[in-house]
Amino acid sequence: GADDYVVKPFEWEELALRIDAQHRNREQTPQVIAFSTASFDANKQEIYFSDGSSKRLTGRESHLFGLLITQQNKVVDRSHILNLVWGVDSYQNSRSLDVFISRLRSYIKLIPGVEIYNIHGKGYELSVKNE
C-alpha cells in the first residue's frame with residue numbers, strides 16, 4: 001500500500017520533502033464515507049448525522065471506526081484490529097478495544113440499520129443496511 005519509497009542511501013532533506021508531500025496529499029484527499037443516513041469524514045475524524053449534528057472522534061476512535069467502515073458487512077479479526085490500532089495484541093489493549101467498541105456503539109445507536117456486532121472468537125462486524 002505504499003505511495004512512495006526512498007532508495008538508500010538518501011539525503012535527509014529529500015526524505016523530509018517526501019514526507020511533507022505525502023502529508024499534503026492526504027490532507028487534500030477527502031475521505032468521506034457515506035453509510036445508511038450518515039457519513040464519516042476520516043480527515044476531520046467526525047461522524048455526520050442526518051439531522052445535521054456531528055460527533056467528533058478521538059484519534060483511536062477514528063482509526064478504529066475507519067477500519068470498520070471500510071470493511072463494512074465483513075468480520076474484522078480482533079487481533080488485526082489490535083495490531084493496526086494499538087500496535088500490539090495484548091490483554092490490556094484487548095480490554096481497551098472493548099471500551100472503544102462500546103463508545104462507537106453509543107455514537108451510532110440512532111443511525112438506522114447500523115450496528116457493530118461482536119463475532120465470538122473472531123472479531124467485530126460493522127453491519128450497514130443501506131436504505
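Select Ser 39 to start: setting aside neighbours within four places in sequence, Ser 39 is in contact (heavy atoms within 4.5 Å) with Val 32, Ile 33, Ala 34, Glu 46, Ile 47 and Tyr 48. Before moving on, note that this is a predicted model, where local features need pLDDT of at least 70 and side-chain atom pairs count only at pLDDT 80 or more, while totals for chains, interfaces and linings use all residues. Residues are numbered from 1 along each chain as its sequence is written, and side-chain values use heavy atoms, with hydrogens and water left out.

**Stop 1: strand S2.** Ser 39 lies in strand S2; strands (E, at least two residues) and helices (H or I, at least four) are DSSP runs numbered from the N terminus. Is Ser 39 buried or exposed? With 17% relative accessibility, Ser 39 counts as buried; the term means under 20% relative accessible area, with exposed over 50% and partly exposed in between (1.4 Å probe, protein chains only). Now select the rest of the strand. In a regular strand, side chains alternate between the two faces of the sheet. Both faces of S2 are covered, with Ala 38 and Phe 40 buried on one side and Ser 39 and Asp 41 buried on the other.

**Stop 2: the neighbours of S2.** Select strand S1 next. S1 and S2 (residues 38-41) pair in the antiparallel sense over four bridges; two strands pair if DSSP finds at least two bridges between them. Look for Phe 40 in S2, the bridge partner of Ile 33. The hairpin of S1 and S2 has two residues between the strands, and there Ser 36 takes a positive phi near 50°.

Then turn to strand S3 (residues 46-48), which pairs with S2 in the antiparallel sense over three bridges. Here Tyr 48 of S3 is the bridge partner of Ser 39. In the hairpin of S2 and S3, with four residues between the strands, Gln 45 takes a positive phi near 60°.

**Stop 3: the whole sheet.** Show the strands together: four of them form an open sheet in the order S1-S2-S3-S4, with antiparallel pairing. Strand S1 (32-35) and strand S4 (54-56) stand at the edges with a single partner strand each, so one side of each has no neighbour in the sheet.

**Stop 4: helix H2.** Select residues 59-70, helix H2, which has twelve residues and reaches 16 Å from its first C-alpha to its last. Buried residues in H2 include Leu 64, Phe 65 and Leu 68. His 63 also lies in this helix, and it is partly exposed, with a relative accessible area of 39%. Leaving aside neighbours within four places in sequence, His 63 is in contact with Leu 84 and Val 85.

**Stop 5: where H2 meets H4.** Which residues of H2 and H4 make the contact? On the H2 side they are Arg 60, Glu 61, Leu 64, Phe 65 and Leu 68. On the H4 side they are Leu 97, Phe 100, Ile 101, Arg 103, Leu 104, Tyr 107 and Ile 108.

Key:
The expected span of a helix is 1.5 Å times one less than its number of residues.
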